[in-house]
Amino acid sequence: VLGARENVQYASSASVATQWFNEGQHDFDLILCDVMMPEVSREKFYRQVSERWPELAKRFVFITGGAFSEDARAFLSSTSCPWLEKPLDSEKIERVVQSARRRCKE
């Protein structure tokens, strides 16, 4: 949906994204991050990014399958980041992306 009009990069894991950040790639408007990730927990990844690159922390938008644990719900509530619930559709994505962009500019 976003790839048709945005420059989208896909990281297959948190370690790939972290490598980009380590290499100085910080010009992301948004970071769409699935709540369920391989290798590392969402909290650990978000905490690492928040501590090392605080300017990126407010650019997160989390994606969830909807049926998630109380732990995941507590995590999402503890951040000021928006989140999308699957199944995704273009209207939902567009609404959250526009809202997140406004928030990032504040």
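**Reading the sheet and its surroundings**

Author: Thr64 stands opposite Glu85 in strand 3. Strands (E, at least two residues) and helices (H or I, at least four) are DSSP runs, numbered from the N terminus. This is a predicted model, in which local features need pLDDT of at least 70 and side-chain atom pairs count only at pLDDT 80 or more, while totals for chains, interfaces and linings use all residues. Residues are numbered from 1 along each chain as its sequence is written, and side-chain values use heavy atoms, with hydrogens and water left out.

Reader: In what order do the three strands form the open sheet, and what is the sense of the pairing?

Author: Two strands pair if DSSP finds at least two bridges between them. Here the three strands form an open sheet in the order 1-2-3, with parallel pairing. Strand 1 and strand 3 each have a single partner strand and stand at the edges, so one side of each lacks a neighbour in the sheet. On average, neighbouring strands are turned by 25 degrees against each other, direction ignored. Such angles are taken between axes, which are lines fitted to C-alpha atoms (for helices over the stretch in contact), and run from 0 to 180 degrees between N-to-C directions.

Reader: How many bridges join strand 2 to strand 3, and how many pair strand 1 with strand 2?

Author: Strand 2 is joined to strand 3 by three bridges. Strand 1 (residues 31–34) pairs with strand 2 over four bridges, and Cys33 stands opposite Phe62 in strand 2.

Reader: Is strand 2 enclosed or open, judged by how many of its residues are buried?

Author: A residue is buried under 20% relative accessible area, exposed over 50% and partly exposed in between (1.4 Å probe, protein chains only). In strand 2 (residues 60–64), five of the five residues are buried, so the strand is largely enclosed by the rest of the structure. Phe60, Phe62 and Thr64 lie on one side, Val61 and Ile63 on the other, and both faces are covered.

Reader: Which residues does Thr64 touch?

Author: Contact means heavy atoms within 4.5 Å. Not counting residues up to four places away in sequence, Thr64 touches Val35, Trp83, Leu84, Glu85 and Lys86. Thr64 is itself buried, with a relative accessible area of 2%.

Reader: Where is Leu84 found, and is Leu84 buried or exposed?

Author: Leu84 is found in strand 3 (residues 83–85) and is buried, at a relative accessible area of 4%. Leu84 and Phe62 are 22 residues apart in sequence, yet 6.2 Å apart in space from C-alpha to C-alpha. Beyond four places in sequence, the residues that Leu84 touches include Phe62, Lys92, Ile93 and Val96.

Reader: At what angle do the axes of helix 2 and helix 4 cross?

Author: The axes of helix 2 (residues 42–52) and helix 4 (residues 70–78) cross at roughly 20 degrees and come within 11 Å. The contact is made by Arg42, Glu43 and Tyr46 of helix 2 with Asp71, Ala72 and Phe75 of helix 4.
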